[in-house]
Amino acid sequence: MFNTLNAMPADPILGLLTQYRLDPNPNKVDLGVGVYKDEVGHTPILKCVKHAERHRFETEDTKVYIGPTGSPHFNDLMTKLAFSHHNPAVITNRIRTVSTPGGTGALRVAADFIKRCRTDATIWVSSPTWANHNGLFEAAGIKVKTYPYYDHDNKSLKFDEMKAALAKANPTDVVLLHACCHNPSGMDLTPSQWDEIITLTKNIGFTPLIDMAYQGFGEGVDEDAYGVRQMAAHVDNMILCSSCSKNFGLYRERIGACSIVAKDSPSADVAFSVLLYVVRCLYSMPPAHGAAIVETILDSAELTQEWLAELAQMRDRINGNRSMLVEKLKAKGVKRDFSFIAKQKGMFSFLGITPEQVARLQTEFSIYMVDSSRISIAGISEDNVDYLASSIAKVLEE
Ligand code: LMR
């Protein structure tokens, strides 16, 4: 049976983790996977999370099953965090949310849900998009098409081309949008561009699926949810996939959420029953620990303040790293203009160098990044920026 199998290549992002860990070079730099790192290259557990875990350790009194939805209280808190409590879609009770194993789990639940809505479903993703989007939707039997998004030559958004492509989508299609901190380009829609996309969504009638994996890493928890909130207030149907991996630093706990916005409350109930069926067939029910931590934090005004301060610290460090790299490259005499890095948002930017230059950075300098030259900005620090900038300067020179 198994001898019909062909070996699969390592995941383009996660495969880098293993290579980096095995590299004995003491100067190695990890700009691969999108995880937050502090000044010494460590991914810390947030203090608010430690506090919440202590509380949970003392108060948890059962490990009995919760059910496919996960904790209803967590789902409610996540709905309000994403959409805000005064959103018309929240007030009219048009949203149903389930807890999922991370943001990827949310996307897979959404994919199976879409497939149940339409067996011939097509989803449009930005070019480029997160490397796992394509495989994930194709695995659920959904056809994937792309719309223009990032202009590699001008380091800008191909907004007119994006709109022209989406104007040709069918009303039965789904369009995936990144809420903020576009992965991999760091290039976000402005609020007025969001408004235009929302108008287009209403005119054409396709269903938006918004992926929000970095709420709070761009400009702030509320600012980053602008598109999500406006979209939900203006369209009949929408799907949101969110993640607590980055903003709560709960990566390995695997906790996120999938929310369905329907045209009214009875339709939302029907959609919810389908969601529960999908979850039951996929993994039966989500893990509880991460959800309980987020719940404890968001239930406490004090822990919420602590969380927001820690989130701001992570965001500020990443933004500081952006400017630090741009300055350092200039100081190393690099003529090419890298100032766009300081203007982009969130965890990632493309350096805009060739795959050969990326390979040289890895083999000669032990600097790891995705082949596309996407760098995870959090991997930069005051200790490695000098080495990083001189190495980039060297590969650009020759
Ligand atoms: C990334 O893009 O690096 C992160 O979202 C981690 C992942 O799962 O790929």
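**Close-up views of a predicted model**

Serine 84 is buried, with a relative accessible area of 8%, in this predicted model.

**Figure 1. Serine 84 in the loop between helix 3 and helix 4.** Helix 3 comprises residues 72-83 and helix 4 residues 88-91, and serine 84 is located in the loop between them. The phi angle of serine 84 is positive, about 80°, although this residue is not a glycine. Most residues other than glycine have a negative phi. The relative accessible area of 8% falls under 20%, and serine 84 is therefore classed as buried.

**Figure 2. Serine 366 in the loop between helix 14 and strand 12.** Serine 366 is a further residue that is not a glycine and has a positive phi, here about 55°. The loop that holds serine 366 lies between helix 14 (355-365) and strand 12 (367-368). With a relative accessibility of 6%, serine 366 counts as buried.

Figure 3. Most peptide bonds are trans. Proline 128 is placed in the loop between strand 3 (122-127) and helix 6 (131-139). Proline 184 belongs to the loop between strand 7 and helix 8.

**Figure 4. Helix 8 and the elements packed against its buried residues.** Helix 8 consists of 14 residues, 191-204. The buried residues in helix 8 are Gln193, Trp194, Ile197, Ile198, Leu200 and Thr201. Because these residues cover an arc of only 160° around the axis, they lie on the same side of helix 8. The buried residues of helix 8 pack against strand 6 (156-157), helix 7 (159-166), strand 7 (174-178), strand 8 and helix 9. Just after helix 8, glycine 205 adopts a positive phi of about 95°.

**Figure 5. Glycine 216 and its contacts.** Glycine 216 is part of the loop between strand 8 (207-212) and helix 9 (226-234). Is this glycine buried or exposed? Its relative accessible area is 0%, so glycine 216 is buried. Apart from neighbours within four places in sequence, glycine 216 is in contact with Val221, Asp224, Leu311 and Arg315. Alanine 312 is 96 residues from glycine 216 along the chain, yet the C-alpha atoms of these two residues are separated by 7.6 Å.

**Figure 6. The interface between domain 1 and domain 2.** According to the domain assignment of the protein, domain 1 comprises 11-44 + 315-397, and domain 2 comprises 65-299. The centres of domain 1 and domain 2, taken over C-alpha atoms, are 28 Å apart. In the interface, 19 residues of domain 1 are in contact with 21 residues of domain 2. The two domains bury about 1,700 Å² between them, and 62% of this area is on carbon and sulfur atoms. Within domain 1, Arg315, Lys345 and Phe350 lose the most area to domain 2, and together they account for 38% of what that side buries.

**Figure 7. The salt bridge of lysine 345.** How many salt bridges are counted between domain 1 and domain 2? The count is one. Lysine 345 forms a salt bridge with glutamate 219, in which the closest N and O atoms are 2.9 Å apart.

Note on methods:
Residues are numbered from 1 along each chain as its sequence is written. This is a predicted model: local features need pLDDT of at least 70, side-chain atom pairs count only at pLDDT 80 or more; totals for chains, interfaces and linings use all residues. Side-chain values use heavy atoms; hydrogens and water are left out. Helices (H or I, at least four residues) and strands (E, at least two) are DSSP runs, numbered from the N terminus. Buried means under 20% relative accessible area, exposed over 50%, partly exposed in between (1.4 Å probe, protein chains only). Contact means heavy atoms within 4.5 Å. The expected span of a helix is 1.5 Å times one less than its number of residues. The arc is that of the directions from the helix axis to the C-beta atoms. Domain bounds come from an automatic or database domain assignment. Buried area is the accessible area (1.4 Å probe) that two parts lose on being put together, summed over both. A salt bridge is a side-chain nitrogen of Lys or Arg within 4 Å of a carboxyl oxygen of Asp or Glu.
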